[in-house]
Every structure is written in structure tokens, then in C-alpha cells.
Amino acid sequence: MALQGKKLINNPDDVVTEFIEGLVETYPGLQYLDGFPQIKVVLRADVVGGAYDKVAVISGGGSGHEPAHAGFVGPGMLTAAVSGDVFASPPVDSILAAIRAVTGTMGCLLIIKNYTGDRLNFGLAAEQAKSEGYKIEMVIVGDDCALPPPRGIAGRRGLAGTILVHKVAGAAADAGLSLADVAAEAEHASEAVGTMGVALSVCTLPGQVTSDRLGPTQIELGLGIHGEPGAAVFELQSVDVVVEHVLKQILSQETQYLPITRGSNAVLLINGLGATPVMELMIAARKAVPELQLEYGIAVDRVYTGTFMTALDMAGISITIMRSDESILQRLDAPTKAPSWPVGSEGKRPPAKFPVPVPPSPSMKDDEILSHRQEPTKQGCILEAAIEAGAKELIGLKDSLNDWDSKVGDGDCGTTMFRGATAILEDMKTRYPMNDAAGTINEIGATIRKVMGGTSGILYDILCKAACTSLKQNKTITAYEWADALEASIAAVSKYGGASAGYRTMLDALIPASTVLKQSLKAGDDPVTAFIASSEAASAGAESTKQMQAKAGRSSYVAPDHLVSVPDPGAVAAAAWYRAAALSVKNKLHGSES
């Protein structure tokens, strides 16, 4: 059943004019003509028709492709952009108004995508403007490579490659070239560009229902930017497979749409169709660059990845390849203030990029030294047993912690702790200098930092670093130094994490443990008794979180009634490893005494 599409809009009939109003409010260098609702034109605020001494470059078409075309108005790109209603070519009067508003003695170049409505309306406006004495040239971009030739009278559709033509023409005009030369450069660019798109969903027009043309596991290859059906529907594939297919189609020697061969240079543009996360666009770029270089022998001079020409809220991408030469690269690298042109993409691109080596951490010992550990002393053996017991306890609690966390957080506490505990068990075989308590705690922090993501990972690393700093101040480590180290680590976690007692976090287990440990030692209890008593306090503290209202972490966003009777998973985990370590120490010492 088709459902009304959800949009953050007012009246569907006003989306274009209200978009334009918001655009010019955002960018001081843009302005619009006072002709709403019939005339919808965005222009450079610094350009006044008869006084403009360079070639004006105008583009436009139906709305719904934002940021195209109005987002590319600015010095170095378009002088004005004409908007029609959503997916409808702008009327002749709007195009004429744009020409009259920005065209000076140098003339005007119209750049349009190859759609019948745009060709007719811009063509008629051009003829009318010529009759009024304006010098006008037009370049029509048809960069679609999805459908096999011949395309009859309709020809190839204009897609995201048009944006690169805008940039070439705008830079040429900004350099002061004549209308004929600007038009020639734009024509040269348009003949060297090819594009193909793939959609994961169809788009929804404002005020209309969402089409169910594509099934939940289907993608559509070669569709247009107005939601029209593509060349073929396939089952969803990985992005690497999709990119390979799209590049193969664009570079097909059968169609020969793109005049590019092995040994050539090219520019690559990865374009989001409206609802595609930047992450997915970058993943596609990461595949496309080496595919072009290694499989097709094409050197990639520039890469532009982002959202340039959309189909409203369509999920998907289009890939554009433009054959490049020095003149095209010069135009693409030329400065522009058009708000939607990508910043930082200019300049020579290295043939290959290699990751920068990670600088060694001054706090970590050399692997070779750590791999030749001394035979553990009695204290080293006790520490080793305690670490192993704590890690194994967390591994056994994985599912329970995840279950509790699914009710009060994001459901991954057990998995995160499992990952850290497993890595600790592995690293302790070779990396931990058990006879050096401070060094061992420091290395545990390093292990955690490598494998445990999220807040819990960094908090445990902070805990270890603070404990290490405290322990390093003493030549001899006794129970009193361990108590001081626990207190210091709690203070550091509270300082940087912002939580304290009663916030429903792991500190609600560790703070009672620290308090009881100090009190018990001060009262003269032997260290094992004090450790066991403090571990019982940790367990009681974790249990008490069932009645607490969360003031930190993801649980603070959960309704209080959902937290009742569910302990904080972080507190339970802290109490669990602490208790397991205490029991291990007791067994190790009392076992050896008996």
C-alpha cells in the first residue's frame, strides 16, 4: 500500500520559492529576482546586467535536484540559475528574466541538460533574447551512459556530469574569455563526460505518495534524475560490485559514449542522489579510484565526492567520468565561491596514497622487550591470576550484559566487554610485564584502547592510565598503593566522564569498593579480607543501580520507568571483574598457605 511521503515542508506548491528564500538567507553572495511565483531565478548578488563585463553563464531546469542548479551560482561558476517547479522545466519568461538580469556586452552562455522541455524553453528564450540584441550561445549536456544507442530524437539524458561542465564554463568566463571561447570549452567538456546512476529507492514528490516500484531488496540501474524507470532492476549487491558494473557500462567500448581509453586521464565524480549518507559515497569512491587505475589503466586526476545533483530524496549514487587534460584541470581547479562546489578538492592528486605510519606511543614499551618477560615473582603471579580471572568473568557475562544493555542502552555492552577481555587474555601472554604492576596496568589500557570502541573503552583506558600514574610513584607496591591507585582512577573517570556516585554508571560499583577497601585497610584488616569486602561492596553498588535514575551515558535518554529493576550493565561489568579478581587473589594466597 502506497503511503504519503513524509516531508519537512509547508504547502507543497511553495517548496521551490521557499527553498530559494532559505538559500539566499544562508549565502550572502546570492540573491533572487522579485518575480515569485512565476519567476524563480537565483543570481549573483554582485552582478547587475548591463554593467557585467564578463560572459554570463546561466543554467537551470526543474527543481528537485538540489543543490543543482542554484547551489552552483557564484563567482567562478554560474552567474544565475533558473528554477522550474519540481521536475518541470522553467517557463520561457523566467529564463528571459535571468538573461536580462545578468547579461552584459560579453553575452551569455546557456548550459542545459538534454531534456525536451529544457531544450524547447531555453531554446525559445535564447531566440527571443537574440532578437532583443543579446549575444547568446547554448550548450546541451547529454552524459547518460545507461541506455544503448541509438536514442532517436530524444538523445542521451543530462545528469550530474553537467556540474563539471558548469565549472569549466564558469572558470573560463571568469578568466575573461569571449563568448565563443567559453562556449567552445563548455562544448569540449560536455563531449568528454559520461554518467550512470543506481538507485536503492525511488523519490517522493512533495505532497504525493511514495512509489513501491522497487522492492526492499532491489536496486535500479540507469534511472534518470526524475524518478523515471532505469535500464534494469537487480537484486541488491555490495557497493564494490555495483561500482564495477557502473564503470563497465560508462566505459563500454560497444557504446563508445565516452571517448576515453587505457592510458588516458580522467576526473571522477561520485554523486549522492539525495538520501545517500556521505559514508556510503566515500565507500563507493574508495572502490572507483583503484578500479579505474588498475582495471582500466586510467589515471585519476581529481575526485569529487558529495551531493551535487539529486532526485529529491532518492537513495543511490551516480558516477561520472570526464576525460581530463591540462585545460580542463585548470578550469576545475580555478577558485569559485559557489556554495555547493566541494572545498579542498583542487590540486594535483598523487597516483596512490599510502597510510601514514602510526607514531609510536611513548607510554608503550617495545614489543621485543615485552616478549622477553622475566619469570613472574609471587606478586607477578598473583597479578596475572587476578587479570585472567577478571577477563574470563567478563567473557562469561557477554550475553547477560547485552540483554540488560538492550533494555537501557544500545545493546552492545557485553560485546564491547567481551572484545576487551579477549584481547587482554591474548596480550597478557607476551605484552604484560607482570613484575611491574604500573607497566602492566598501562599495557591493559593500551589493549583496551585498541579494541574497545565507544565511551566504555575510553573510560577504561583513562582508568588504567590514572592507576598507572599512581602506582609509578612508589617503588614498592602494597595493598595501600593499590587502594590509592583505585581512588585515583575513579577520580580521573569522574573528572573526564562527568559522572559521580548515583549517576547509574560503573562508578556506582567502583566508588563503594574504593571506600570499603580504604576503610578496611585503615581498620587493620589483612589485604585479602579488605579486597573481598570491597568486592562485595562493588556488587551491592551495581545492584543498587536498579533503583537509580540515569544521569550519564545513553541510559540518561531512556524513560525512568524503563530503567526500573534493570541494573546498569557498566556497573555490573565493573563489579564482576573486580569481584573475580578479589576471589582469585584470595584463592592464590590462601591456597598457597594451605
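The legends below walk through several close-up views of one predicted model.

In this predicted model, local features need pLDDT of at least 70 and side-chain atom pairs count only at pLDDT 80 or more, while totals for chains, interfaces and linings use all residues. Residues are numbered from 1 along each chain as its sequence is written, and side-chain values use heavy atoms, with hydrogens and water left out.

**View 1. Helix 11 meets helix 12.**
Helices (H or I, at least four residues) and strands (E, at least two) are DSSP runs, numbered from the N terminus. Two packed helices are described by the angle between their axes and the distance between the axes. Here, helix 11 covers residues 398-408 and helix 12 covers residues 413-427; their axes come within 6 Å and cross at roughly 145 degrees. (Axes are lines fitted to C-alpha atoms, for helices over the stretch in contact, and angles run from 0 to 180 degrees between N-to-C directions.) On the helix 11 side, look for Lys-398, Leu-401, Asn-402 and Asp-405; they meet Cys-413, Gly-414, Thr-415, Met-417 and Phe-418 of helix 12. Contact means heavy atoms within 4.5 Å.

**View 2. A salt bridge between Arg-331 and Glu-185.**
Side chains of opposite charge can pair when their charged atoms come close. A salt bridge is a side-chain nitrogen of Lys or Arg within 4 Å of a carboxyl oxygen of Asp or Glu, and a search of the whole structure finds 22 of them. In this one, the closest N and O atoms of Arg-331 and Glu-185 are 2.8 Å apart. The pair ties together distant parts of the chain, with Arg-331 in helix 8 (residues 326-333) and Glu-185 in helix 5 (residues 179-190), 146 residues apart. Is Arg-331 buried or exposed? Arg-331 counts as buried because its relative accessibility is 11%; the cut-offs are under 20% relative accessible area for buried, over 50% for exposed, and partly exposed in between (1.4 Å probe, protein chains only).

**View 3. Two further salt bridges, Glu-426 with Lys-429 and Arg-579 with Glu-536.**
For Glu-426 and Lys-429, the closest N and O atoms are 3.3 Å apart. Glu-426 is partly exposed at 45%, whereas Lys-429 is exposed at 54%. For Arg-579 and Glu-536, that gap is 3.9 Å. This pair also links distant parts of the chain: Arg-579 sits in helix 19 (residues 569-593) and Glu-536 in helix 17 (residues 527-544), 43 residues apart. Arg-579 is partly exposed at 25%, and Glu-536 is partly exposed at 44%.

**View 4. Helix 7 and what covers it.**
Helix 7 (residues 278-295) has 18 residues and reaches 25 Å from its first C-alpha to its last, close to the 26 Å expected. That expected span is 1.5 Å times one less than the number of residues. Which residues of helix 7 are buried? They are Leu-281, Ala-284, Ala-285, Lys-287, Ala-288, Val-289, Glu-291 and Leu-292. Their cover includes helix 6 (239-250), strand 10 (265-272), strand 11 (299-306) and strand 12 (316-323). After the helix comes Gly-297, with a positive phi near 65 degrees.

Most residues other than glycine have a negative phi, and most peptide bonds are trans. A cis bond joins Glu-66 and Pro-67, with omega about 15 degrees, and another runs from Ala-68 to His-69, with omega near 0 degrees. Pro-67 lies in the loop between strand 3 (56-63) and strand 4 (80-86), and His-69 lies in the loop between strand 3 and strand 4 too. Leu-312 has a positive phi of about 55 degrees and belongs to the loop between strand 11 and strand 12. Arg-504 has a positive phi of about 65 degrees; you'll find Arg-504 in the loop between helix 15 (479-497) and helix 16 (507-522). Leu-312 is buried at 19%, and Arg-504 is buried at 1%.

**View 5. The largest nonpolar core, with Ile-444 and Tyr-578.**
A nonpolar core is a set of buried Ala, Val, Leu, Ile, Met, Phe, Trp, Tyr and Cys residues joined through side-chain atoms within 4.5 Å. Leaving out residues up to four places away in sequence, Ile-444 touches Ile-387, Ile-424, Tyr-432 and Cys-464.
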